[in-house]
Amino acid sequence: MSLGMVFALTGAVLSTAMAGIGSAWGVGRAGQAAAGVVAEDPDSFARVLLLQLLPGTQGIYGLLVTFITLSRIGILGGTPVTDTHTGLLYLLACLPIAVVGLVSAYHQGMCSVASIGLVAKKPDQFGRAMIFPAMVETYAILALLISILCITNIG
Amino acid sequence: MSEKNYFFAVARIRVREKYLLTDSDISQMAGLPDEKSVVSYLLDKGWGDAGSGEDPTKILAAEEKKVSSLMRELKVDPKIFEVLSYPQSFHNLKAGIKEICASEKSPAAFYESVSPTRAEILGILMEKDYKALPSAMQAAAEKAYDTMLKTRDGQKTDVIIDRACLDAMEEAAKKYRGSLLGEYEESTVAVTDIQIAVRALRTRKDRAFLEAALAPCQSLDVKALARTASEGEEAFYDFLADHGFGEAADALRASSAAFDRWCDNSRIRTLLPEKRNPGTSGPLVAYYLGRMNEIKTVRILITAKANHFPEEAIRERVREMYG
């Protein structure tokens, strides 16, 4: 296996791993808060579940980027990477979703916890409560777009 | 309780906060015609338990029990809970000493939901096994009990125990500096010192009494407070205004009830930022203290209604709510 392939695979792995770590943290924290609300008010399950799931999207974005990368570097399809230069380009292309996925999922998790607190106290504010963590999603989507654009334009 | 579990506990507390009494509830109760209608209003709000019926004392005791058991259920650090319970624990100590010395049973004078309980206190005092008490209470218990046995002076005993309680709270304020608990304890010690000084000023107590009763704290120079309290009311009010307690001086000029109200409100205001805090023990502490303030205010309201106080006098006495 060439050094280029090692770099490209590292990028693919980091996308899923880092964004996944962030999502696991965010969903876990929000899950603790959601369970606290449901312990007192079981009827609020659906509302807090939606808020809990929001930080989970970064993990999915990371997975998507990994699949696209694998399908272009000769693992699931495409042309195998033979030169170091191309491998490094794939690694760099994966970094936006890896790094932004990790950080945004952490902050979205905290935002979800706060919004779950808001819904717990004022269930009628659910719509507004959804907006706060959803705003953090913007930056994960931007990073996903950039990663996909970069990967699909290499070579 | 480990930090990771606060998210669960705080979320539970947020749901419970929906059922706290608000200022408008209190205002509505103040306008009700009698004690019975206040009790009925509280029962509609879910106060009391199966055994409390319509007895206001039992309803309030049931609420105190509920909030204490919730704190235990949420596994609030027992050390934090011990600090929060200082006023009730030290009160139980006072009640225990007085019960033994008066040779008259008075179980209603004790708080049931805090440790040490009546049975524990009485056992410890009879055996003089002071080491079985929490460390903050040991020396004061021994000194207060000896004083009561020798002098039968209830006020002197109260001063010893109250001072020990304030010293314990100040220690906690230092230990938990930077957290809500630390700020609350500090604020409570400072406000209580002012209350003691006011009472001493109005009952013409001497400076030696004040120096024994006032607990040193970080936010107030108690020596200066004791000095000005013996110089007369205007000097005392000026001192308060110059040291960031202008509102207390204004309340004192208005009435004693307004001053007592300021004391409780100033403590409650230290809790308000916790409404926006999602992941520490602060909201749990704030909820506990908010509930205790609520119960205290309802007790004032019920007593005032039972004694046919005019509505205006009641409104002057009711406290701001955390809810």
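The model is predicted, so local features need pLDDT of at least 70 and side-chain atom pairs count only at pLDDT 80 or more, while totals for chains, interfaces and linings use all residues. Residues are numbered from 1 along each chain as its sequence is written, and chains are lettered from A and ligands numbered from 1 in the order in which they are written.

**Confidence**
- The predictor assigns the complex an ipTM of 0.82 and a pTM of 0.81.
- Helices are DSSP runs of H or I with at least four residues, numbered from the N terminus.

**Chain contact**
- Chain A contributes 15 residues to the contact and chain B 13; two residues are in contact if their C-beta atoms, placed from the backbone, lie within 7 Å.
- The chain B side that touches chain A has seven nonpolar residues, one polar and five charged.
- Ala, Val, Leu, Ile, Met, Phe, Trp, Tyr, Cys and Pro count as nonpolar, Asp, Glu, Lys and Arg as charged, and the others, Gly among them, as polar.

**Helix pair in chain A**
- The axes (lines fitted to C-alpha atoms over the stretch in contact, with angles from 0 to 180 degrees between N-to-C directions) of helix 2 (residues 45-53) of chain A and helix 5 (residues 126-152) of chain A come within 10 Å and cross at roughly 10°.
- Helix 2 of chain A and helix 5 of chain A are therefore roughly parallel, a class for angles under 35 degrees.
- A:Arg47, A:Leu50 and A:Leu51 of helix 2 of chain A meet A:Phe126, A:Ala129, A:Met130 and A:Pro133 of helix 5 of chain A.
- Six residues of this helix contact are nonpolar, none polar and one charged.

Definitions and conventions:
Helix = DSSP H or I, 4+ residues; strand = E, 2+ residues; numbered from the N terminus. Parallel < 35°, antiparallel > 145°, perpendicular 65-115°, else oblique.
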